Amino acid sequence: MILLLIIADDFTGALDTGVQFAARGARTEVVVDPQIDFSACGADVLVVDTETRHLPAADAYKAVFDLVERARRAGVRFIYKKTDSALRGNIGAELSALLEASGLRQLPFLPAYPKTGRITKNGVHYINGVPVTESPFGKDPFEPVRHSVIAELIGEQCPAPAVSVPVLSDASPLPDQEGILIFDAETDEELSRAGRRLYQEGRLSIMAGCAGFGAVLPELLKLAKSERQLLPKLDPRLLVVCGSVNPITLAQLDHAEKNGFSRLRLTPEQKLEPGYWQSQEGKEAILKIQDMLAANDRCIIESNDAGGNGPTAGYAKELGIDLETLRVRIAGSLGYLVGQIFTCPSLGTLLLTGGDTLLQCMNCLGVHRLEPVCELEKGVVLASFTYQGCTRHVITKSGGFGTEGLFTGLSKQIIDMEGKP
């Protein structure tokens, strides 16, 4: 029976939280299906990607509310609303849905992820020392974060009161106010201490936070097992497929290119013309990509233009498409392309960055259920899935995670993975 349901709003977020449990031996599944039959799932931890990050707030609310109602009827003991660690998406609407569907008075929200430089101090969310609105996430062209004060961000979409809670000591009383309680945390210990206090007083049947607090839960909820999996051997050839516009990822791509990766930028036509890859020109382009993979052990295929995304934006304007259509077409183009080259003998290990990219690739392969295996780095997840009767692996990464040398470091790391616990 499912002990814990985790509700995420995108695919990479679902994986980077689910892997916290899988790596500790808990049976964990990640699915893209809000209508999943709970009784047919044999996992201890079920992670459902609702794909609500880009939906209107009312639609995101309904998807989460309905899922929580069904989970409670099915007897799921704990429900965790996984939020983005940079506060993107319909956070207020989805927290409101969880609180109202549960019928409870309080929803603890612990949004910090200190290991990745994301902390909450005096109710303000910081990324690497600056308020989130002043970070790259505040300048994102598709989903800029407009509030650093978390209560203000929640209040835009949620009628319930949002209350900031200072860092707890072992003796601090827990607040009794109704609504969403936003807990400060600047360190892992402060995050863990808040979790322990909440668990001891029986206040974690519903909860919210990112992968940071998710990492606390396996021990807290007694889901950590003693078994440790052997890591699989991965093909040392590496293909990075990038649909992210995050400056952190762009710096990683530049560093990888300087250190020997072959880099292919898709043209505006390849990204935005419906049916491009099925055309004669598109089929010839796929053959050239396969030749590139055969000739180079480390490759990049990305959706960004050199020197900024002006050419793609200009082409989108010519086509008369808005930002949302632009985002969807780029992700769909990358997904179709990966589906076409997936069986290429020279493909090697596949690394996908960006939740939209991952989802579209999985859709094109007809894969909707993954099992997280382990974290290779913080926010970088190795997962397995079944495709055409065999088990394959994929590495996933959210756009905003990792150091500049991440891709070159992963390239070295996967060579040495065989048989290591």
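Glu269, Glu281, Glu284 and Glu318 form a negatively charged patch on the surface. The model is predicted. One member of this patch, Glu318, lies in helix α11, which spans residues 310–319. The relative accessibility of Glu318 is 65%, so this residue counts as exposed. The cut-off for that class is over 50%.

Beyond its neighbours within four places in sequence, Ala26 contacts Phe21, Asp44, Val45, Leu223 and Lys225. Asp44 is one of these partners. Along the chain, Ala26 and Asp44 are 18 residues apart. Their C-alpha atoms are separated by 6.3 Å.

Arg327 is placed in a helix, α12, which covers residues 323–341. Its relative accessible area is 12%. Arg327 is therefore also classed as buried, since the limit is under 20%. With residues up to four places away in sequence left out, the contacts of Arg327 are His54, Phe142 and Asp356.

The charged residues Glu318 and Arg327 thus fall into separate classes: Glu318 is exposed, whereas Arg327 is buried. Glu318 sits in α11 and Arg327 in α12.

Notes
Residues numbered from 1 in each chain as written. Predicted model: local features only at pLDDT ≥ 70, side-chain atom pairs only at ≥ 80, totals over all residues. Heavy atoms only, no water. Patch = residues over 30% accessible without salt bridge, like charges linked within 9 Å, V, L, I, M, F, W, Y side chains within 5 Å. Areas by Shrake-Rupley, 256 points an atom, 1.4 Å probe, with all protein chains shown as cover. Salt bridge = Lys/Arg side-chain N within 4 Å of Asp/Glu carboxyl O. Lys, Arg positive; Asp, Glu negative; His and termini not counted. Charge placed at Lys NZ, Arg CZ, Asp CG, Glu CD. Helix = DSSP H or I, 4+ residues; strand = E, 2+ residues; numbered from the N terminus. Buried < 20%, exposed > 50% of the residue type's maximum accessible area, 1.4 Å probe, protein only. Contact = heavy atoms within 4.5 Å.
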